[in-house]
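Subject: Structure for you, with notes on the aromatic rings

Hello,

Here is the structure for your files. My notes on its aromatic rings follow below.

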Amino acid sequence: MSEFGAGAELPGWVADGRSRGELFSPEESRAAAPVGFLQELPSYRSVLRRRAAAGDVQERRGNLWGTAAAELRGPQPEEGERGARPLWELPLSIAEKRRIRDSQADIKYSSGWNQWKRTSSKSWKKALKDIKELSFYVELWRHDIHSIEGKFGTGIQSYFCFLRFLVVLNFLMFILMFSFVTLPTVISNYGIFNSSSAKISLNNTEPYCTVYTPSGNKGLVYFYTYLKDLLTGTGFLEVTVLFYGYYTIDAAWLSVLRYNLPLAYLLTTFACLALSLLWIIKRSVKGFRQNLVHDVNQFQSYCNKVFAGWDFCITDLNAARLKHRSLLYELQTDLEEERLKQKIADRTMKEKLRIFSLRIFINIVVIAVLLACFYCIFRATVFSQENSSGVNSVGFQANLLVQYLPSIVITAVNLIAPQIFSILIRFEDYSPAFEIRLTLLRCVFVRLANIGVLLVSLWSQIQCTTDQCKACGYDYQLYPCWESAVGQEMYKLLIFDFMIIIAVILFVNFPRKMLVTYCSWKPVQWLGLQEFGISDNVLDIVYGQTICWIGTFFSPLLPAIATIKYFIIFYIKKISLIHTCKPASRPIRASSSNFFFLVVLLIGLILAFVPLGVSIAHISSSKACGPFRNFNTSWAVVPETILEFPIGLQKVLFGIASEAFAVPFFMVTCLLMFYLIALAGAHKRVVEQLREQLVMESRDKLFLIAKLTEGR
């Protein structure tokens, strides 16, 4: 190597090839290669250029690392000894290699403390491995998801994995709310285990603020009455553990132990949201890291589609044909994007002004459509709240229609607005990939914003508008227990969304399947089966999950209803996919879809924090129901509980909540964030250097093969 140049190195495979005589003939392998031949390697020339530009920094750094590595290795054993060779190269069985490794580790960790730590670490790792293997066998829907993956690929399989994640998440939220809120209340109310409850005694509250009569039919009770109450959450359901108004105790006593139910109610709600946030972030970090580090260019994307785009999990012939068309479409999309980039680069100033003006006009139309949708939701909510109590004598159908009017309008908006957006975006002259992202972004916004408009409409009705209700802080006549009313709206949205999903499958997809199968009429055959759109289905369940997060505070057992709903939806969607639908002609890859699903879900969770924060911190709590009857707001229970702590602990907690702690904490958080960004940038540079090294290795191979061919 001294002939090659100081500090320069050949690739390892070149050195191995020369030593073993695999690349050159026996005569050439015994003779040293000429210096000029080695210096013609592309990798060597690249190294020389870098050293000339960087002032030989890499050479000094390589020498420094070589010296440090030699000092750390210390004296090496002789070549004939077993320790000179790596353990994996020895011709021994796995058990023998494990015994040798353990004996070497025992020598290394000779002290008793280190030996105990090593043994404990191995035992802990083995226990975690066993638990992981056991959880794999008890994993929910493992066989079903593998079957879907084999027939339809990893793209659709990722949707069902996402649905399973939501089932488990909602079940854990239900366990938290039931264990810390519902169960203590039920035990105290019924005196189980020698327990008792302290009813909330109202202080400084006007008597008319405390009047609460649950809604419902006061006359004869028929089947339709029970059905209406079951669908709307009114009547007999309004006074059950399902809604906020049931929890009217201040403390639960178990022997001498006091359980602060208002504080537990608030903290458990925050715990459910925190669990959701941490779990979503944990699952999305991997995809975010990959997107941050791997900046894929068009050439690499093309190579990935050609050489690594096929999904070998597909075993169904129709799914294989669909995947073939999908790859063809992706390649056509890449070519179309390149054509559009060239078209954008060749645009004149007049064309740029025209397209920008058209995009501004279309975005104004989009904003107008959104405002019209929001106004319809607002008017439907106001009409429903003002007239729902006055149509009991009209009939079951009219009452149910008025009760569900906001849900019907929101569902109609969710169906119509995306169709309008997909038509308008065709005139904006974007690339195909950006069209999909922008359309999905608008659909996500309209779905989640509709829930916000509904809550704003409810708050506009809840807020006090007369002098008489100022003592209560809210409209006590229309909403004697406004938290339960909000919970009922979330309950109706969740139920109606579930009914719409079932109705679409039963009355749209199934008849369409029958027509396509048994009708040979050309328009019917041209229409074909309903496509299983992954993005649309994900938006549906994210919309329902956002409703669940918002409604958990107002209806503590709403996560249980969401768990049952998603559990049934899994089987309904599976049957629909297999028997009545076909996979989308433009599916998305599983690696990108998982990250997209979690990002949309994270947006829904963040938006759920806003109405909950407003309800808890700014709107006066009901004085006729709920665990916060003695507090101006639900958040007021936190500082009042802190005042019961010892003086030293109070100072610490109030200090954490003060600006003196918040400002340094914010600065440290910013520094940590900048450090992580810099670390991600360093990792990205390392990946780029490794890519360049791989490219140079391939060039060296081509160069040596060419030289070998010329020599022959």
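**Aromatic pairs**

A search across the whole structure turns up 24 aromatic pairs. Keep in mind that this is a predicted model. A pair of rings is described by the distance between centres and the angle between planes.

Start with Phe 160 and Phe 570. Their ring centres are 5.3 Å apart. The planes meet at 85°, which is over the 60 degrees needed, so the pair counts as edge-to-face. Phe 160 belongs to helix 9, residues 154-189. Phe 570 belongs to helix 21, residues 558-580. The pair therefore ties together parts that lie 410 residues apart in sequence. Phe 160 is buried, at 0% relative accessible area. Phe 570 is buried too, with a value of 0%.

Next, Phe 162 and Phe 165. Their centres are 6.5 Å apart, with the planes at 35°. Phe 162 and Phe 165 are both buried.

**A charge over a ring**

Phe 165 has a further contact. The charged end of Arg 283 sits over the Phe 165 ring, 4.4 Å from the ring centre.

Best wishes

Note on methods:
Residues are numbered from 1 along each chain as its sequence is written. This is a predicted model: local features need pLDDT of at least 70, side-chain atom pairs count only at pLDDT 80 or more; totals for chains, interfaces and linings use all residues. Side-chain values use heavy atoms; hydrogens and water are left out. Rings of Phe, Tyr and Trp (its six-membered ring) pair if their centres lie within 6.5 Å; planes under 30 degrees apart count as stacked, over 60 as edge-to-face and the rest as tilted. Helices (H or I, at least four residues) and strands (E, at least two) are DSSP runs, numbered from the N terminus. Buried means under 20% relative accessible area, exposed over 50%, partly exposed in between (1.4 Å probe, protein chains only). A charge sits over a ring if NZ of Lys or CZ of Arg is within 6 Å of the ring centre and within 35 degrees of the ring normal.
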